[in-house]
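Here is a briefing on a protein–DNA model. Look at the structure first, then read the points below.

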Protein chains: 2
Amino acid sequence: MPTLQDVARIAGVSRSTVSRVINDHPSVDPRTRRRVQRAIKQCGYRPHAIARSLATKRTRIIGMIIPEAVSRLFTDPYFALMLRGATDACNRSGYQLILSLFTASVDSKTMHDRIVHNGYVDGVLTANTCLDDGLVPRLLDTGIPFVTIGRHPDARVSYVDVDNIGGARMATEFLIHLGHKRIGTITGPLNMTPAQDRLTGFLKAMGDNGLPVPDALIVEGDFTEAGGRAAMARLLEERPTAVFVASDSLAIGAVKAIQGAGLRVPEDISVIGFDDLPSAASLEPALTTVHQPIEGLAQLAVEVLIDRLKRRVQNGIAVQRVVLPTELMVRRSCTRPS
Amino acid sequence: MPTLQDVARIAGVSRSTVSRVINDHPSVDPRTRRRVQRAIKQCGYRPHAIARSLATKRTRIIGMIIPEAVSRLFTDPYFALMLRGATDACNRSGYQLILSLFTASVDSKTMHDRIVHNGYVDGVLTANTCLDDGLVPRLLDTGIPFVTIGRHPDARVSYVDVDNIGGARMATEFLIHLGHKRIGTITGPLNMTPAQDRLTGFLKAMGDNGLPVPDALIVEGDFTEAGGRAAMARLLEERPTAVFVASDSLAIGAVKAIQGAGLRVPEDISVIGFDDLPSAASLEPALTTVHQPIEGLAQLAVEVLIDRLKRRVQNGIAVQRVVLPTELMVRRSCTRPS
DNA sequence: AGCCTCCTTGGAACCGATCCCAAGTATACC
DNA sequence: GGTATACTTGGGATCGGTTCCAAGGAGGCT
């Protein structure tokens, strides 16, 4: 592997000058620049990222942290879409993404230290943090720039999120407008903000329309299909005519539970989900759900993070927050109550 | 951030000595060692990975490349499991994983150069390469250590794989033993070796049992649910009594196509899949399929790669290949022909 | 013609570690 | 007591870049 020194020798200039050419520094004579560029081509030189990082203290690597609590859910297509969005944005900007799934085999403090303190990452992206897993406070402590996907209540945290409250309200109002009055909900784990927000939106819609929500009509699930099935089994005893389910995976389980009990969707019970996973449209019946732009959200998160990394040099550090809108996808799983 | 120098000053020794303590070099007086360790604790020193990498020429980072051709399939839970296996193995060994999904936004040669030539990765893992995407030849060219998940025909390539031929044969023989004679298959994209191998296993089982396989009973799919649906639609015209489908995602589509045509699984047509995705057991009907240990395979791939990285120092370079067995998961989607 | 500027360029320090080599010290042996 | 040996330790070069600073040279102005 040729180094700067080699190029310099071939072009008959100093390392400094070659470095300037590589980095598009303006103060290089055009003739010299061409000569250096020829030399670079000739010997197939490529800048050594590690050496460069040591000097500049920037690696152009972003760490993506998925906390252990949700890594069980990792097979949900939600994460694949998120990763695709994030990597795509990184590709465009010439950044690399280190993926760090916290798993049971190593304790999370060690994992955190490894990724944050070893100097390999300029900044961190984190998704689906639980309020009680301590990740965000630790990140704040270290002072490393980071952006969360999904809002976090701490005022110092920059995040990107979708309008979960608005989306949930929209979904619930859709059910209400269809004529439903006895509407249940299956929530996500309530230590996660998206789950909280979707519940909030649901309650707001119900409240605004003067509909009571007895506690028994609210069942906490865990964002998995199995969880949806179990939650729906309990909810069935309350005989709701419609259910707002906080994620599509949960909704898939809920539909199975309903059908398993010999009831039909939507004729006996209407079901509305949240996420609009790719499979939602091809379920039987096709799932009415709230679309959230997962890939776009992850892309945006990367862009916001990179923006922060650049500004940091200029000492601009104001918290940034972006919330994207959701969209109701009306399909077959909801109808008027009989 | 404190550096080696700072620790050295506090402990009253030289950088060299601190370095020896950090790296567990034996020739350090126990008393000195303790003194240095106290100094390290006291100032919260952590080795700077970048600087260390520059000196040692090893980063403890592995690059995982998913070629563009399959990044469309990326929402298949298969990839999530693979990533989880790979990251978990990395966590255990103290390695980091850079995830590189080749996407349309950047051409694949550029992507390849970025990840391979910038010095950030010690080695590369690659999954589901197509025979015609040129990735493997390029990797061979650069001389970087790499391991593919899924076999590659080139004799110089180290890989881990599951016994696709054996699994496919086992599945097909299961159908044959049930009494089926007119058995169709939906294959994956035949420019991918797993798809080829599963077809080979199918044909071998059929041939060994003296059953003819007219061309019309072989339909190429693309490993997606929609592809499975389309392929099955064509296959239905041939009236097979059973179908061996080369992946669970394809099988899900196939089942839907069968049900959509007013036929029942397994009463009218038996369906057997391949992969044993987490959802296979909870489908309606539960899918009989060939289990492959995806997470374990990815873990193994990481281990083999790390092993190669270590041996490389010792100039051991023999190609390594491992093939794991598969297992038949008998569920409800297959029965005797009527 | 002389002086001042601006543009280019090279030199050297630096980023934070590793590691070889030589020197110093303690122990053992004769 | 002197010398050989083993064990510790420090110094300095090195990895491959970036960047500050100073110097040289060309061009412009009076």
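The surface near DNA strand D divides into 9 nonpolar, 12 polar and 8 charged residues. The model is predicted.

**DNA strand D**

- Around DNA strand D there are 29 residues. Those that come nearest are Leu4(A), Ser19(A), Thr17(B), Arg20(B) and Thr32(B).
- Helix 4 of chain A gives the most, with 5 residues.
- Of the atoms of DNA strand D within 4 Å of the protein, 56% belong to sugar or phosphate. The rest belong to bases.
- Ser19(A) places a polar side-chain atom 2.4 Å from a phosphate oxygen of DNA strand D.
- Asn23(A) also has a polar side-chain atom by a phosphate oxygen of DNA strand D, at 2.9 Å.

**DNA strand C**

- DNA strand C is surrounded by 30 residues. The closest are Arg20(A), Thr32(A), Leu4(B), Ser19(B) and His48(B).
- By class, the surface near DNA strand C has 10 nonpolar, 12 polar and 8 charged residues.
- Helix 2 and helix 4 of chain A, with helix 2 and helix 4 of chain B, each supply at least two residues here.
- Helix 4 of chain B gives the most to the surface near DNA strand C, with 5 residues.
- Sugar or phosphate accounts for 61% of the atoms of DNA strand C within 4 Å of the protein. Bases make up the rest.
- Two side chains have an N or O atom by a phosphate oxygen of DNA strand C: Thr17(A) at 2.7 Å and Ser19(B) at 2.3 Å.
- Arg20(A) has a side-chain N or O atom 2.6 Å from a base oxygen of DNA strand C.

**Relation of the two chains**

- Chain A superposes on chain B by a rotation of 180° with 0.1 Å of shift along its axis. The RMSD is 0.1 Å.
- In chain A, the C-alpha nearest the axis belongs to Ile98(A), 2.1 Å from it.
- The copies meet through the same surface, because 100% of the interface residues of chain A are also interface residues in chain B.

**The sheet of chain A**

- Chain A has an open sheet of 6 strands in the order 7-6-8-9-10-12, with mixed pairing.
- Strand 7 (218-220) and strand 12 (327-329) of chain A stand at the edges. Each has a single partner strand, so one side of each is left without a neighbour in the sheet.
- The twist averages 20° from one strand to the next.
- Strand 8 (242-245) and strand 9 (270-275) of chain A run parallel, joined by 3 bridges. Phe244(A) stands opposite Ile272(A) in strand 9 of chain A.
- Helix 10 (193-208) of chain A lies across strand 6 (183-187), strand 7, strand 8 and strand 9 of chain A. Helix 10 of chain A runs at about 170° to strand 6 of chain A.
- Helix 12 (248-260) of chain A lies across strand 6, strand 8, strand 9 and strand 10 (288-291) of chain A. Helix 12 of chain A runs at about 160° to strand 9 of chain A.

**The sheet of chain B**

- In chain B, 6 strands form an open sheet in the order 7-6-8-9-10-12, and the pairing is mixed.
- Its edge strands are strand 7 (218-220) and strand 12 (327-329) of chain B, and each pairs on one side only.
- Strand 6 (183-187) and strand 7 of chain B pair in the parallel sense over 3 bridges. Thr187(B) stands opposite Glu220(B) in strand 7 of chain B.
- Helix 10 (193-208) of chain B lies across strand 6, strand 7, strand 8 and strand 9 of chain B, at about 170° to strand 6 of chain B.
- Helix 12 (248-260) of chain B packs on the sheet, touching strand 6, strand 8, strand 9 and strand 10 of chain B. The direction of helix 12 makes about 160° with that of strand 9 of chain B.

Methods:
Residues are numbered from 1 along each chain as its sequence is written. Chains are lettered from A and ligands numbered from 1 in the order in which they are written. This is a predicted model: local features need pLDDT of at least 70, side-chain atom pairs count only at pLDDT 80 or more; totals for chains, interfaces and linings use all residues. Side-chain values use heavy atoms; hydrogens and water are left out. Copies are superposed by least squares on the C-alpha atoms of residues with pLDDT of at least 70 in both. Contact means heavy atoms within 4.5 Å. Two strands pair if DSSP finds at least two bridges between them. Helices (H or I, at least four residues) and strands (E, at least two) are DSSP runs, numbered from the N terminus. Axes are lines fitted to C-alpha atoms, for helices over the stretch in contact, and angles run from 0 to 180 degrees between N-to-C directions. A residue is near a molecule or strand if one of its heavy atoms lies within 4 Å of it. A polar contact is a pair of N or O atoms within 3.5 Å; within protein, one must be able to donate a hydrogen and the other to accept it, and residues adjacent in sequence count only if both atoms are side-chain atoms. Ala, Val, Leu, Ile, Met, Phe, Trp, Tyr, Cys and Pro count as nonpolar, Asp, Glu, Lys and Arg as charged, and the others, Gly among them, as polar.
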